[in-house]
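User: Hi! Could you take a close look at the salt bridges in this model and walk me through where they sit?

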Amino acid sequence: MKPVNKNDRITVHVEDLTHDGAGVAKVEGYPLFVPGALPGEDVVVHVLKTLKSYGFAKLIEIKQSSPFRVTAPCPVFDTCGGCQIQHLSYEGQMTFKQKLVRDAITRIGKLPDVPVHPVKGMEHPWRYRNKSQIPFGTQDGKVVAGFYQPRSHDIADTDICLIQTPEADAIMVSLKKSLAEMGIEPYEEATHRGMLRHVVVRKARATGEIMVVLVTKKKKFPQAAHAIELIQATVPEVTSIVQNINSEKTNVIFGAETLTLWGKDVIEDQIGDVRFEISARSFYQINPEQTEVLYGQALEYAQLTGKETVIDAYCGIGTISLFLAQQAEFVMGVEIVPQAIEDAKRNAELNGLSNTLFEAGPAEQVIPRWYKEGKKADVLVVDPPRKGCDEQLLRTILKQRPTRVVYVSCNPATLARDLRILEDGGYRTKEVQPVDMFPQSTHCEAVAWLELAE
Ligand code: SAH
């Protein structure tokens, strides 16, 4: 018997937050998920759905509010899927994220004694995104632009996004206002009609250079000159305007072809002392200020003296590799996307870091081959996607036994799972440092330091 039924209206005490920011209340041990409610709150809810072992309820009224509750400053917080926890103060977000990592390390990693430090957060946790990918569309005959609603491709129309740059806001608004006048039709996903799909705005924090990418359905874009003029008048700091063509029926943003319409092909940024050239489609960390903190932490845990050989698995455009190459004897980076490896090689050259080698391919295949060829590492850095390290790669680590492993993770659950495997194979997790790369969202990045046990 479930203790609650659909359409019940009850008062519950909220104890926890899920990894996507919903409150969790327990009714006689039965978890009810209540979006919008915060831990410590007493709330009246309307039960919407009850499954065998958990249910969902709608927040009706807050009887006792959390001391960490704040009014979300964004006007579309309730409809947009971009941020989940703007209603939680930044201090509360830091506590939540530390607990998220600690819980995963304890429950999944079975490592209750490993120190999980307080989160390294931002002083000003707003306007931090260096890249905005803004979909354009039409609603009730009006041009709209903003971000997608949760789990949908309906646009939450907005003129302001408090986590993107003011320049991205300005470009979003001025294009939205003038699109009809310029004769540019927004793309419509359902019918595959229209022209302008997305506008991507990227800003390099260190240099201030800005790139605007207009993603269009067709290459023929007669209104380009008009759009360039408008963008330049709106944000004179723009240094590059490019067109990317995506003719496919897909929800992938970019197509294969990119043309420079005006200005430079790339923008240049700097992390620490390392310079990077970023093109329209390059993968690049989206919070530059915190990237420096994250890589600084990885560097600290790597404890390089200048004599080590380092492998950077999942290296992307080589950002961590080049950061470490300044203090290592040699760094080898591997990444599955060939274009990213091209970027990595170019960036190594740009910085005169010739003590590096980059190879495109799956880390779990390339690294065992490197070892066979005698290319061994003292320190291994991994920064895998959300699903964590490939099993084959973990087996290679356990077989080759580098002295130190630095694990950079964007998903505490897979981090904890992989730490357990490495622990069982003879490594010891010394400590874990969470870093907040995505304020106002529930995402949490963490760096773990592991040593081979004697
Ligand atoms: N370290 C980089 C990128 C981390 S994102 C940075 O900080 O910028 C994770 C990267 O892993 C992505 O670039 C993705 O393309 C790559 N990747 C995914 N699966 C992979 C695999 N099996 N082998 C190597 N790289 C992989």
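**Salt bridges and their surroundings**

The protein is divided into domain 1 (9–64), domain 2 (97–123 + 287–452) and domain 3 (131–271), with bounds that come from an automatic or database domain assignment. The C-alpha centres of domain 1 and domain 2 lie 37 Å apart. This is a predicted model, in which local features need pLDDT of at least 70, side-chain atom pairs count only at pLDDT 80 or more, and totals for chains, interfaces and linings use all residues. Residues are numbered from 1 along each chain as its sequence is written, and side-chain values use heavy atoms, with hydrogens and water left out.

Side chains of opposite charge can pair when their charged atoms come close. The structure holds 23 salt bridges (a side-chain nitrogen of Lys or Arg within 4 Å of a carboxyl oxygen of Asp or Glu).

Let's start with Asp16 and Lys99, whose side chains meet at 3.2 Å, N to O. This pair links distant parts of the chain, with Asp16 in strand E1 (residues 9–17) and Lys99 in helix H1 (residues 90–107), 83 residues apart. Helices (H or I, at least four residues) and strands (E, at least two) are DSSP runs, numbered from the N terminus. Asp16 is partly exposed at a relative accessible area of 24%, and Lys99 is partly exposed at 37%; buried means under 20%, exposed over 50%, and partly exposed in between (1.4 Å probe, protein chains only). Asp16 and Lys99 also belong to a network of salt bridges that includes Asp103 and Arg107.

Next comes Arg127 with Asp169, a salt bridge of 2.8 Å, N to O. Here too the pair links distant parts of the chain: Arg127 is in the loop between H1 and strand E6 (131–139), and Asp169 is in helix H2 (residues 166–182), 42 residues apart. Arg127 counts as partly exposed at 30% relative accessibility, whereas Asp169 counts as buried at 7%.

Finally, look at Glu391 and Arg395, which form a salt bridge of 3.4 Å, N to O. Both lie in helix H8 (residues 391–400), four residues apart, about one turn of the helix. Glu391 is exposed, with a relative accessible area of 57%, while Arg395 counts as partly exposed at 47%.
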